[in-house]
Amino acid sequence: PTAFLIVNSFLYMRRLFLLLSLVVPFFFSCSGQSEDKRLEAFNNDAQSLFDSFNSQYQKTVSDTSLTIESKHAILDSLYGEIVDTQLRDLCLKTIKDNANNSVGVAALKVLYRNVEMTPQQMKELINTLGSKAGNDETVKQISSTIEATLSTSEGSMFKDFEVDGVKLSNFVGKGKYVLVDFWASWCGPCKEEIPTIAKVYEKYAGADFDVLSVAVWDKPEDTKKAAGELGIVWNQIINAQKVASDTYGFNSIPQIMLFGPDGTLLKRNLRGEEIEKAVKEALG
């Protein structure tokens, strides 16, 4: 079974959660136990954590006695305890005990998509896998994404890509600071960042600064409709699908970056107040 955990981004902006892979046992003592049984045990343990998070999340969100700030604090603590600690420990132990079979692969997928780890940490973890697990197609895709992330880290020169004849280099590396927002019309957290981006655009756009939105993983007609409704009046690249995410190595959106006049990637993973702060500091 596939488990899904969706976090309401209005109250909780750490990241967009969407579990897309099988979810492996915190405890199994018999080393001869079949992979199917161990995978089932892991799924049950992970699902229990997801259910616990969702239950407490819903309780917090629906509590009308709490302020927005209090809800943020509670949810942040909840994430830290259940996802960033218990789920992390479960996955890491499972991977260690199943470094060359399907159980370890399943745990790696859950860890990658839900627990905040640096690309270097994930790379080192993948390097501990045996050849069987390491050759899994999803693991190879994760490895490719991580390498793309590392090669487009802050301080590196931008990597170009082209969508329907439009290149990123048409906008980046042309003598302006450019804020690039990778987004999709169906993504709640993406749409919640638009007012902040619009504010920054209205305040700073000119000879030294511009904004570019790049629609990924989305239908062009949905992108255009949402862009009109949200008041996106700055430059856009539509229909980028996986081209942009494969190039810059991200698996969740929004992904907001700031590029320098020469195309140097100055900041990744900008959100909320960090967006204007980064632009203001860059412009001096």
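**Entry: α3 and α6**

I began with the contact between two helices, where V105, L108, K109, Y112 and R113 in α3 meet T138, V139, I142, T145 and I146 in α6. The model I am working from is a predicted one. By class, I get 6 nonpolar, 2 polar and 2 charged residues in this contact of α3 with α6. I then looked up the geometry. Helix α3 covers residues 102-114 and helix α6 covers residues 137-151, and the two pack at an angle of about 35 degrees. Their axes are 10 Å apart. I noted the crossing of α3 past α6 as left-handed.

**Entry: P119**

I looked up P119 next, and found this residue in helix α4, residues 119-126. Is P119 buried, exposed or partly exposed? Its relative accessible area is 28%, so I log P119 as partly exposed, since that class lies between the buried limit of 20% and the exposed limit of 50%. Setting aside residues up to four places away in sequence, P119 touches I146, T149 and L150. I146 had already come up in the α6 side of the contact with α3.

**Entry: α7 and α10**

Helix α7 (residues 188-204) packs with helix α10 (residues 273-283) at an angle of about 20 degrees, and the axes are 10 Å apart. That angle makes α7 roughly parallel to α10, because the class takes angles under 35 degrees. I recorded the crossing as right-handed. On the α7 side, the contact is made by E193, T196, I197, K199, V200, K203 and Y204. On the α10 side I listed I275, E276, V279, K280 and L283. Sorted by class, the contact of α7 with α10 has 6 nonpolar, 1 polar and 5 charged residues.

**Entry: cysteines**

How many disulfides does a search of the whole structure find? I found 1. It joins C187 to C190, with an S to S distance of 2.4 Å. I read 80 degrees about the S-S bond, and the link of C187 and C190 is right-handed. Both C187 and C190 are buried. I also checked C91, which counts as buried because its relative accessibility is 0%.

**Entry: F259 and L265**

F259 lies in strand β6, residues 255-259, and L265 lies in strand β7, residues 265-267. F259 has a relative accessible area of 0% and is therefore buried. L265 is buried as well, at a relative accessible area of 0%.

Which residues does F259 contact beyond its neighbours within four places in sequence? I listed F158, V172, K176, Y177, V178, V180, Y248, T264, L265 and L266. For V178 I looked up the C-alpha separation from F259, which is 5.2 Å across 81 residues along the chain.

For L265, not counting residues up to four places away, I listed T152, S153, E154, G155, S156, Y248, M257, L258 and F259. Y248 is touched by L265 and is also in contact with F259. I noted one further pair: L265 and L179 are 86 residues apart in sequence, and their C-alpha atoms are 10.0 Å apart in space.

Note on methods
Residues numbered from 1 in each chain as written. Predicted model: local features only at pLDDT ≥ 70, side-chain atom pairs only at ≥ 80, totals over all residues. Heavy atoms only, no water. Axes fitted to C-alpha atoms, helices over the stretch in contact; angles between N-to-C directions. Helix = DSSP H or I, 4+ residues; strand = E, 2+ residues; numbered from the N terminus. Parallel < 35°, antiparallel > 145°, perpendicular 65-115°, else oblique. Left-handed = near helix turned anticlockwise from the far one by under 90°. Contact = heavy atoms within 4.5 Å. Nonpolar A, V, L, I, M, F, W, Y, C, P; charged D, E, K, R; others polar. Disulfide = S-S within 2.5 Å. Buried < 20%, exposed > 50% of the residue type's maximum accessible area, 1.4 Å probe, protein only.
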